[in-house]
Amino acid sequence: MTSDDVALWNREAPAFDEAPDHGLRDVGVRNAWRELLVAALPPAPARVADLGCGTGTLALLLAEQGHVVDALDFSPAMVRLATEKLDAATPAVRSRVTVRGGDAAHPGLAPASVDVVLCRHVLWALPDPVAVVGRWVVALRPGGRLVLVEGSWATGAGITARRCAEIVGEWCPRVEVRPLPDPALWGGEVDDERYLVVGGSPTSR
Ligand SMILES: C[S@@+](CC[C@H](N)C(=O)[O-])C[C@H]1O[C@@H](n2cnc3c(N)ncnc32)[C@H](O)[C@@H]1O
């Protein structure tokens, strides 16, 4: 993590939610993400770490479903927007979410402390992703899971599903990849590679 990276995301923050899949302002897009994540997560209430949470949209969506979310981002501007969003939420949702500054690569989670590590569109940009995922898996309770949303985008940025599955497979005995071509998730047609990877942690250590 460099100060340039943080500065870049601070600059992105004010307009971040304008992308349909970021702000989930369109009810159809919001419903599509809710359906996807509810199916990928264990039943609520699960303890979820949302690493690189951005403006907190997914953290709040999951808290609305009854999950308890520890949301973290290294960009103070993102953390500020996520906190404002949380302040505007219902008391029940507010009581289930914490937002804090921190590095997703070293999130400071206690071993075996969460049921889910959720990370959308962040892993691809982290140095040494194999080591990072290893730290995340240590934070999972027995039977917990990684839920990663990534892509190999038309811009040339990102990580392929194959490579992402290999990285997760270094640590997780079960890895599932689900392509996400559905325009409902993105607010329009996409022609690049977008996907969900779920990695199941060992059921015991
Ligand atoms: C593409 S946005 C995704 C935000 C959110 N996960 C979502 O899907 O709406 C990437 C986010 O990850 C954050 N980020 C990138 N690298 C990070 C790191 N090493 N530690 C914490 N946050 C990071 C950025 O500040 C930004 O908010």
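Strand β7, residues 193–200, and strand β6 run antiparallel and are joined by six bridges; two strands count as paired if DSSP finds at least two bridges between them. Helices (H or I, at least four residues) and strands (E, at least two) are DSSP runs, numbered from the N terminus. Opposite Tyr-195 of β7 stands Pro-179.

Please note that this is a predicted model, in which local features need pLDDT of at least 70 and side-chain atom pairs count only at pLDDT 80 or more, whereas totals for chains, interfaces and linings use all residues. Residues are numbered from 1 along each chain as its sequence is written, and side-chain values use heavy atoms, with hydrogens and water left out.

Let me turn to the whole sheet. It is open and mixed, with seven strands in the order β3-β2-β1-β4-β5-β7-β6. At its edges are β3 (97–101) and β6 (174–179), each of which pairs on one side only.

Two helices may now be considered. Helix α4, residues 57–64, packs on the sheet and touches β1 (47–51), β2 (68–73), β3 and β4 (114–120); contact means heavy atoms within 4.5 Å. The direction of α4 makes about 175° with that of β2. Helix α7, residues 129–138, also packs on the sheet, where it touches β1, β4 and β5 (140–152), and its direction makes about 145° with that of β5. For these angles, axes are lines fitted to C-alpha atoms, for helices over the stretch in contact, and angles run from 0 to 180 degrees between N-to-C directions.

Why is the pair of Trp-33 and Trp-186 called edge-to-face? Because the ring centres are 5.2 Å apart and the planes stand at 85°. Trp-33 belongs to helix α3 (residues 27–40) and Trp-186 to helix α9 (residues 183–186), so this pair ties together parts 153 residues apart in sequence. Trp-33 is buried, at 0% relative accessible area, and Trp-186 is buried at 6%; buried means under 20%, exposed over 50%, and partly exposed in between (1.4 Å probe, protein chains only).

Finally, the charged end of Arg-120 sits over the ring of Trp-33, 4.5 Å from its centre, and Arg-194 lies over the face of Trp-186, 4.7 Å from the ring centre. The criterion is NZ of Lys or CZ of Arg within 6 Å of the ring centre and within 35 degrees of the ring normal.

Technical notes:
Rings of Phe, Tyr and Trp (its six-membered ring) pair if their centres lie within 6.5 Å; planes under 30 degrees apart count as stacked, over 60 as edge-to-face and the rest as tilted.
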